[in-house]
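Subject: Structure handover

Hello,

Here is the structure I promised you. Please open it first, then read my notes below.

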Amino acid sequence: MTFLQDAFMQRALVAAILIGITAPAVGIYLVQRRQAIMGDGIGHVALTGVALGFLTGTNPVWMAVLVSSAGAVAMELVRARGRTQGDIALAMLFYGGMSGGVLLIHLSPNGSNANLLSYLFGSITTVSQEDVVVIGILAAVVVAVTVGLRRQLFAVCQDEEFARVTGLPVRLLNIVLAVTAAVTVTVAMRVVGLLLVSALMVVPVAAAQQLTRGFAATMAFAVAIGLTVTTSGTVYTYYVDVPSGATIVVMAIGVFLAVTALAAPLAKRRARRSAAPVSEEAECTLEPSRSRSPEDDVRV
Amino acid sequence: MTALMPGPRAEQETSVEPTRNGSGEPVISLRGATASLGARRVLRGVDLGVERGEVVALLGANGSGKSTTVRAVVGQVPLSGGELSLFGTPYRRFRQWRRIGYVPQRTTAASGVPATVREVVSSGRLSRGRLRPLRRADRAAVDRALELVGLADRAKDSVNALSGGQHQRVLIARALAGEPELLIMDEPMAGVDLAGQQVLAGTLREEVAEGTTVLLVLHELGALEPLIDRAVVLRDGCVVHDGAPPPATGQHALPGHDHVHPHAPEEPIRTGLLT
Ligand SMILES: Nc1ncnc2c1ncn2[C@@H]1O[C@H](COP(=O)(O)OP(=O)(O)OP(=O)(O)O)[C@@H](O)[C@H]1O
Ligand SMILES: [Mg+2]
């Protein structure tokens with residue numbers, strides 16, 4: 001456990017834990033609404049925020065929170081209007097966010113390609129004390145929203161029209177969810193990088209849902225997977241010089257594949273144990289009184 | 001079948017006049033409603049009134065505007081003209097959504113993440129106490145709703161593992177979980193087998209006996225026939241009949257149901273093999 005003695009490693013692990021919890025906790029709602037790609041879009045837009053931070057000399061994380069929140073709310077508004085050209089509008093936002101970010105970073109005095117790369121792909125060695133504090137505050141907000149409003153957000157993502165008829169403030173909840181997703185992206189960008197954030201929001205959920213039957217259970221299992229891959233990925237990069245973001249995502253995909261391989265036999269066993277057999281006989285038998293109907297005939 | 005279970009209003013079935021079971025207190029009042037979806041005028045002046053305690057069936061062919069009418073009533077389709085009030089309150093000022101239970105027409109799209117039957121049914125309880133955590137009374141109401149539709153033993157199963165008819169029952173239980181005074185259901189019987197329809201008819205009868213008002217879209221009256229007080233038939237976004245339910249057709253035709261209507265409405269669309 002020598003890695004625990006390094007101050008930068010301690011900070012990296014704290015950040016990894018917070019990200020392992022928050023990314024799947026938000027991602028599950030996006031997956032439920034079949035909007036898994038939204039995290040990617042926010043990541044692109046957040047880059048413009050980071051660059052603005054460099055340009056204006058303010059903290060890039062806070063700036064990324066602001067800009068990506070604005071982007072996420074814009075994406076939510078486009079989605080809510082349900083226009084057919086909606087995906088074109090989203091694509092514009094993706095491209096604009098990424099190209100704007102790259103342009104602005106090159107215009108800023110202390111921006112460089114190295115800086116850009118550390119935000120795009122994540123680099124735990126650059127996580128500062130101040131970053132840990134910011135990440136901690138933001139992560140607390142994300143957990144409060146995703147766990148505290150679970151039933152409400154579940155209802156909205158499950159059946160929006162029904163949720164509106166129950167009188168829930170659906171538009172407000174959607175915007176809260178969009179901003180929470182944006183905050184999560186900025187929380188995670190120092191460790192996984194903006195280009196791979198979305199993977200950590202989606203892959204643990206995709207893995208977990210193959211073994212679960214309920215939403216709460218899927219959320220708990222996805223967070224457990226998230227925590228496992230972010231911490232073990234971070235520790236791995238202490239010993240082997242590889243980028244943390246890519247390591248974590250590859251591990252998450254490994255877990256996904258392992259769970260997929262396990263899922264089929266497990267489901268079969270569970271079905272055999274739990275569900276009472278529909279009929280006493282294992283095979284179908286003809287009812288003697290019933291004659292075959294013409295549709296049963298398979299001759300040509 | 002219907003003859004075996006004469007409802008409380010069986011004696012009304014021979015009457016020609018629209019049977020009225022309402023108290024005169026309007027629960028839904030839609031007047032001259034017009035609405036467009038895309039470029040299409042889907043509602044062209046629909047009048048629909050439902051009084052407290054009534055069970056009203058909304059009938060009509062595919063595309064006649066039944067779902068649009070029902071969605072307009074719950075405020076999910078904006079009206080381009082006409083007036084809507086719920087429980088005597090103009091729609092714009094209406095906030096008491098806990099009084100309404102809504103069963104949307106089932107969409108095939110299951111959600112991206114598994115959810116248990118209980119989780120889905122519980123979301124119907126959000127109409128009471130939107131932002132507070134579940135209390136014991138809420139859990140009891142969810143249990144009761146699951147019992148009512150006969151899915152208590154499947155509570156922990158994923159909704160994705162249910163058949164279409166079972167899924168439909170989950171949506172009904174979700175609406176019942178809020179213990180509403182007004183149930184609005186869009187084709188609640190779609191894909192539900194006869195046994196299931198009987199169960200739901202029994203459930204509905206109990207709810208109605210307790211004073212619940214019901215507006216439901218149907219394609220055939222089926223097992224619900226003895227419960228229906230009045231039928232409103234739509235054609236191309238217009239009301240073409242408002243009064244006694246049309247006579248049952250096909251296998252549901254039973255002696256004693258051959259009452260005459262002044263202007264016979266369109267017969268419900270039958271989807272039998274040979275019709
Ligand atoms: N989103 C939409 N955009 C444009 N037109 C629509 C839309 N939804 C429905 N319509 C049209 O509105 C009309 C009424 O639709 P509605 O869903 O109310 O019919 P319905 O009576 O419920 O039919 P069904 O029995 O098939 O459920 C149809 O002609 C349909 O083509
Ligand atoms: Mg319909």
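A salt bridge is a side-chain nitrogen of Lys or Arg within 4 Å of a carboxyl oxygen of Asp or Glu. Keep that in mind for what follows. Please note also that this is a predicted model.

**Where the chains meet**

B:R174 and A:D159 form a salt bridge. Their closest N and O atoms are 3.0 Å apart. The rule finds 3 salt bridges across the interface of chain B and chain A. There are also 9 residue pairs in polar contact between these chains.

The area buried between the two chains is about 2600 Å². Carbon and sulfur atoms give 58% of that area.

**The magnesium ion**

Which residues coordinate the magnesium ion (ligand 2)? They are B:S67, through OG, and B:Q105, through OE1, at 1.9 to 2.2 Å. B:S67 lies in helix 1 (residues 66-73) of chain B, and B:Q105 in the loop between strand 6 and helix 2 of chain B, so the pair ties together parts 38 residues apart in sequence. B:S67 counts as buried, at 18% relative accessibility. B:Q105 is partly exposed, at 35%.

**Salt bridges within the chains**

The structure holds 20 salt bridges over all chains. In chain A, A:R33 pairs with A:E76, with the closest N and O atoms 3.6 Å apart. A:R33 sits in the loop between helix 1 (7-32) and helix 2 (38-56) of chain A, and A:E76 in helix 3 (residues 60-81), 43 residues apart. Are these residues buried or exposed? A:R33 and A:E76 are both buried.

In chain B, B:E54 forms a salt bridge with B:R230, with the closest N and O atoms 3.0 Å apart. B:E54 is in the loop between strand 2 (40-51) and strand 3 (55-60) of chain B, while B:R230 is in strand 9 (residues 230-235), 176 residues apart. Both B:E54 and B:R230 are buried.

Best wishes

How values were computed:
Residues numbered from 1 in each chain as written. Chains lettered and ligands numbered in written order. Predicted model: local features only at pLDDT ≥ 70, side-chain atom pairs only at ≥ 80, totals over all residues. Heavy atoms only, no water. Buried area = accessible area lost by both parts, 1.4 Å probe. Polar contact = N/O pair within 3.5 Å; in protein donor to acceptor, adjacent residues only side chain to side chain. Donors = N, O, S within 2.8 Å, 3.2 Å for Na, K, Ca; no water. Helix = DSSP H or I, 4+ residues; strand = E, 2+ residues; numbered from the N terminus. Buried < 20%, exposed > 50% of the residue type's maximum accessible area, 1.4 Å probe, protein only.
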